[in-house]
Amino acid sequence: MDVFHLRRLLRNKFHTIWMVVALVFSMTLPVLLAIGLYYKSSGLLMEQSLLSIIFSKDWRPLSGHFGLFPFIISSLWVTVLALIIAGPICLFSAIHLTQYAKSYVLKVMHPIIDILAGIPSVIFGVWGVVVIVPFVSQHIAPLFGKQTSGYTIMSGGIVLAVMIIPFILNILIEVFKSIPEELTEVTLSLGATRWMVVKHILMRKAFPGIVSAFGLGLSRAFGETIAVLMVVGNVTQIPRGALQPGYPLPALIANNYGEMLSIPMYDSALMLAAFILLIIVIIFNFISRMVIHRMIKIM
Amino acid sequence: MKKSKLRNAEELFFRGVMILSSSVIGFVLVLILWSIVKRGFPALSWEMITQTPKGGFYFGKEGGIANAIVGSLYVASGATLLAMIIGIPVSLYMNVNLHKRKKLVTAIRFLLDVMWGIPSIVYGAFGFTIMIFFGMHSSLLAGILTITLFILPIMIRSIDEVLLSVPKGLMEASYSLGSTESETSYKVFLKQCISGVTTAVLLSFGRAIGDAASVLFTTGYTDHMPTSLMQPTATLPLAIFFQMSSPIAEVKERAYASALILTFIILLISIIARIISIRYQKHKIKI
């Protein structure tokens with residue numbers, strides 16, 4: 001075997017080994033994340049049970065009380081509100097873009113969706129503070145006869161809704177595209193209107209996909225940090241309405257990283273919060289992705 | 001007859017709702033960009049871009065955010081480079097070496113999609129744990145490593161999506177000429193998709209430069225230009241975030257200007273990516 005040949009084979013061997021190492025590393029990443037965060041939070045979990053931390057309302061880090069309940073409830077409020085706002089808009093827009101729109105509309109909308117998806121979280125936060133917070137305080141709150149500064153769950157929900165729109169919309173477009181055209185054409189040829197096709201055929205066929213697209217949007221919203229942190233008010237309480245301030249889980253983690261090393265167990269509690277976030281997001285993602293993968297593959 | 005009238009009315013109504021929904025999305029993007037430009041442009045100055053913060057910077061006195069701009073570019077470039085070193089081989093391996101193991105590749109893709117959804121604050125918290133574990137302080141290096149992990153799934157998956165479009169015949173042709181797997185990967189597949197891969201890399205770079213939650217824990221913040229990997233570094237998103245939470249009007253003005261700078265960088269990246277993907281489309285071999 002000549003040297004040239006040998007060198008090529010060696011190079012191939014080297015590249016293959018590196019590829020496998022890189023692949024294995026990437027695949028074990030979520031496990032590493034989980035282990036790392038669990039290891040850090042185990043300090044607190046030794047002292048108190050997980051359930052008592054999750055369901056306790058008592059948040060006084062100085063005396064060692066780390067009840068995460070208010071933060072979890074705030075997170076739920078913000079996320080669900082965001083989905084309620086973004087869901088219908090995405091659904092109608094996705095139907096519009098896949099079933100009705102002419103090709104030039106798609107040409108305009110694609111860059112819009114891409115740019116919206118690429119805007120950093122902190123920019124959404126600035127926009128929220130400049131536009132949404134005053135809007136909530138001056139226009140939305142008076143509708144309900146209330147007075148607020150505008151830094152509320154409602155503002156967080158609106159900003160989050162805008163952030164998850166491109167994300168949900170992209171998946172919904174994929175889902176609708178995966179439905180065979182013959183199905184809709186057959187129904188159209190029987191004299192149905194476009195909307196009837198959408199209502200009776202498309203929605204029924206795409207239902208699992210729609211639900212999982214919403215699930216993915218929900219988990220995306222659940223983990224959003226900086227933008228929400230900037231507009232949601234950050235008051236430790238269990239919110240009783242959308243026009244009250246809240247304090248979602250990611251905001252809690254981000255806001256207290258400075259002092260967490262000076263109070264015992266504080267870092268443990270925050271890492272536990274991150275761990276809970278990770279687990280919830282992975283479960284949501286897992287189920288939703290499973291449904292979507294199956295839909296787009298099979299059809 | 002009456003029934004069909006009702007149907008038409010329904011059709012018309014929902015068509016209106018749909019067009020409205022699509023327009024709302026476009027309108028919101030314009031509104032965001034407009035409000036950032038409107039607030040940021042008056043506060044923007046040459047000083048902002050070229051100087052580091054001076055003594056009274058946080059009370060509205062002179063200085064700029066050059067340190068944060070440079071810091072962000074360092075963090076994002078370092079992370080993108082590392083993610084390329086890990087990510088490109090992984091996606092090539094999935095599409096060339098593993099092309100017969102369809103089920104395994106589907107499983108890997110699935111896992112990557114799940115990882116894509118993990119929020120950046122979790123990566124930040126994880127980076128922080130690792131830092132503490134090794135006794136490191138917040139530094140440029142820690143930030144680069146954390147961001148690398150964060151953009152890795154994004155990069156692998158987007159490059160993978162590009163490689164999927166390579167015709168299978170090209171692989172067979174390359175093998176039949178006697179090339180090895182790695183030669184097929186790098187000299188045929190990567191070359192064939194170089195424009196798409198560049199676009200994917202640029203988009204990951206955009207993700208890296210805009211993320212705040214993961215650098216919050218790991219890079220720290222200083223007023224100096226970053227000079228070493230082991231020093232804490234300011235980043236643009238955090239500069240915006242910190243200035244935004246100041247009660248002083250002049251500092252807030254600067255936050256808007258900084259936001260405008262970041263938005264400009266992001267838009268620039270996405271435009272370059274778009275141009276590359278259109279311009280180099282024609283060099284592709286089509287079968």
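Student: What makes a residue count towards the buried 46% of the 287 residues in chain B?

Tutor: A residue is buried if 20 or more other C-beta atoms, placed from the backbone, lie within 10 Å of its own; it is exposed if 12 or fewer do, and partly exposed in between. By that rule, buried residues make up 46% of the 287 residues in chain B. This is a predicted model, in which local features need pLDDT of at least 70 and side-chain atom pairs count only at pLDDT 80 or more, while totals for chains, interfaces and linings use all residues. Residues are numbered from 1 along each chain as its sequence is written, and chains are lettered from A and ligands numbered from 1 in the order in which they are written.

Student: Why is B:V90 called buried?

Tutor: B:V90 has 28 C-beta neighbours inside 10 Å, so it counts as buried. B:V90 sits in helix α3 (residues 66–95) of chain B.

Student: Which residues does B:V90 touch?

Tutor: Leaving out residues up to four places away in sequence, B:V90 touches A:M19, A:A22, A:L23, A:S26 and B:I156. Touching, or contact, requires C-beta atoms, placed from the backbone, within 7 Å.

Student: How many residues make up the contact between the two chains, A and B?

Tutor: On chain B, 65 residues are in contact with 70 residues of chain A. Helix α1 (residues 2–43) of chain B gives the largest share of the chain B side, 20 residues.

Student: What makes a stretch of chain B a helix, and how many helices are there?

Tutor: Helices are DSSP runs of H or I with at least four residues, strands are runs of E with at least two, and both are numbered from the N terminus. Chain B comes to 12 helices and 0 strands.

Student: Why is α9(B) called roughly antiparallel to α12(B)?

Tutor: Helix α9 (residues 194–210) and helix α12 (residues 249–279) of chain B pack at an angle of about 170 degrees, with their axes 8 Å apart. Axes are lines fitted to C-alpha atoms, for helices over the stretch in contact, and angles run from 0 to 180 degrees between N-to-C directions. Angles under 35 degrees count as roughly parallel, over 145 as roughly antiparallel, 65 to 115 as roughly perpendicular and the rest as oblique. The angle therefore makes α9(B) roughly antiparallel to α12(B).

Student: Which residues make the contact between α9(B) and α12(B)?

Tutor: Among them are B:L202 and B:F205 of α9(B), and B:I265 and B:I269 of α12(B).
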